[in-house]
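Trainee: I'd like to learn how to read the core and the sheet of a protein model. Could you walk me through this one?

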Amino acid sequence: MADAQNRPVSAPAPQARAPPGPSRPPPLVDREKTCPLLLRVFTKIGSHHTAEDFAVRGKEPKDEVQIYTWRDATLRELTDLVKEVAPAARRRDAKLSFAFVYPDRRGRNVVRQVGVTYAYPNARRPDEGNKALADLSFQTGDFLDVAILT
């Protein structure tokens, strides 16, 4: 019995992510009282980064923007923030593809696309700008990879 108490305890394996569920109203967050989270955003023109680009901790891609935001932030809000720092995202025909980067059960990074927005949406080009991070199964610590497609 004493041996069982002295064995090292291993950390539980990361849980698999469920796909986003049906659209529901974003969770209510009182932004005046709730502390924001740090979202590390990586942009790339033409395509998403690969999972290998995030393989070594501390050697992530250089094109990083750090944003303080909340889990109820929508892809439209994030699009507007990316447009402030990435001139290519301001082009009239720019399309932004969002993906979460996070470790799977084996600890290897996964790049999972979660939505698309247009720099300047209109009625003929509906996008997914109304989806909130929480609706897309975002977890604190995930990276956000944004492909700027023109």
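Mentor: Of the 24 residues in the largest nonpolar core, the ones touching the most other members are L39, V82, F98, F100, L144 and V146. Such a core is a set of buried Ala, Val, Leu, Ile, Met, Phe, Trp, Tyr and Cys residues joined through side-chain atoms within 4.5 Å, where buried means under 20% relative accessible area (1.4 Å probe, protein chains only). This is a predicted model: local features need pLDDT of at least 70, side-chain atom pairs count only at pLDDT 80 or more, and totals for chains, interfaces and linings use all residues. Residues are numbered from 1 along each chain as its sequence is written, and side-chain values use heavy atoms, leaving out hydrogens and water.

Trainee: Which elements give two or more residues to this core?

Mentor: In general, nonpolar side chains tend to be buried together in soluble globular proteins. Here β1, α2, β3 and β5 each give two or more, and β3 gives the most, with 4 residues. Helices (H or I, at least four residues) and strands (E, at least two) are DSSP runs, numbered from the N terminus.

Trainee: In what order do the strands form the sheet?

Mentor: Two strands pair if DSSP finds at least two bridges between them. The 5 strands form an open, mixed sheet ordered β2-β1-β5-β3-β4, with β2 (64-69) and β4 (109-118) as the edge strands.

Trainee: How many bridges join β3 and β5?

Mentor: β3 (residues 95-103) and β5 (residues 143-149) pair in the antiparallel sense over 7 bridges; S97 has A147 of β5 as its bridge partner.

Definitions and conventions:
Buried < 20%, exposed > 50% of the residue type's maximum accessible area, 1.4 Å probe, protein only.
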